[in-house]
Amino acid sequence: CGNWRFFEPSKWNDRFEQRFYCARYKFRASIGNTPQLFATCVTRVKNNEAAWKVYAHGLGLGARCLQLELDIVELRKQLRNSGFRFEEKTVVYEKEHVILDLHKKRKPYYNKYFGSFSLDKFLRLLSLKRDAYTYEQELRLFIIPDNAGKRNGYKKTEYRDLPIRWKDVITKVRVDKKCTPAELVSIQRACFSVGINPSIKNYS
């Protein structure tokens with residue numbers, strides 16, 4: 001539909017990633033530094049077999065994937081012109097026990113994330129991930145409304161749809177090799193509908 005859907009991080013499946021968005025912050029100086037926001041993730045890795053396996057699920061087309069290569073410069077431009085504040089963070093991969101103990105004042109890394117708490121540190125917390133997922137090489141994109149509401153837990157998670165001119169952002173489309181001819185036609189038509197011409201090899 002020409003949109004990109006950004007979710008509140010409370011929607012993320014990994015409880016280790018939800019925890020810092022859903023936490024209750026008690027710092028006096030942190031008022032306004034933990035706003036409601038919306039996020040999406042992309043990878044910096046071109047070929048990642050593990051990612052294909054993780055995101056392909058279900059039956060039929062649900063079991064197939066497209067890999068979209070993005071022009072990050074054009075994407076940033078469009079997101080900055082969206083009417084939202086736009087922030088971008090590279091995911092930092094840490095050991096599980098570090099993430100679990102970050103909030104404990106006696107730990108050596110407490111000040112790194114909670115000292116002089118700010119919006120930037122909040123976003124850094126939301127860009128932490130267990131080192132088991134290092135292969136993902138993620139980049140996190142955040143949008144923050146000017147009139148941000150209250151952060152929601154999983155059951156009340158909200159989202160925002162941002163209009164995107166996909167034909168200006170997507171530079172390449174790679175199709176799952178397991179697609180049947182009928183599935184390829186469906187994918188091709190969906191791409192054509194937003195002005196993208198996928199390169200499908202060995203198929204007429």
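Is cysteine 179 buried or exposed?

Analyst: This is a predicted model, and the values below are computed from it. Cysteine 179 counts as buried, because its relative accessibility is 11% and the limit for buried is under 20%. Cysteine 22 has a relative accessibility of 37%, so that residue counts as partly exposed.

The next point is bonding between cysteines. A search of the whole structure finds zero disulfides. For cysteine 22, the closest cysteine sulfur belongs to cysteine 41 and lies 15 Å away, which is too far for a bond. A disulfide needs two cysteine sulfur atoms within 2.5 Å.

Helix α1 covers residues 15–22, and the loop between α1 and β2 (38–43) holds arginine 24. Arginine 24 is exposed, with 80% relative accessible area. On the surface, Arg24 gathers with Lys26, Lys150 and Lys156 in a patch of positive charge.

Valine 54 sits in helix α2, which covers residues 49–55. With a relative accessible area of 45%, valine 54 is partly exposed.

Methods: Residues are numbered from 1 along each chain as its sequence is written. This is a predicted model: local features need pLDDT of at least 70, side-chain atom pairs count only at pLDDT 80 or more; totals for chains, interfaces and linings use all residues. Side-chain values use heavy atoms; hydrogens and water are left out. Patches are made of residues with over 30% relative accessible area and no salt bridge: like charges are joined within 9 Å, nonpolar side chains (Val, Leu, Ile, Met, Phe, Trp, Tyr) within 5 Å. Accessible areas come from the Shrake-Rupley method with a 1.4 Å probe; for residues, only the protein chains shown count as cover. A salt bridge is a side-chain nitrogen of Lys or Arg within 4 Å of a carboxyl oxygen of Asp or Glu. Lys and Arg count as positive and Asp and Glu as negative; His and the chain ends are not counted. The place of a charge is taken as NZ of Lys, CZ of Arg, CG of Asp or CD of Glu. Helices (H or I, at least four residues) and strands (E, at least two) are DSSP runs, numbered from the N terminus. Buried means under 20% relative accessible area, exposed over 50%, partly exposed in between (1.4 Å probe, protein chains only).
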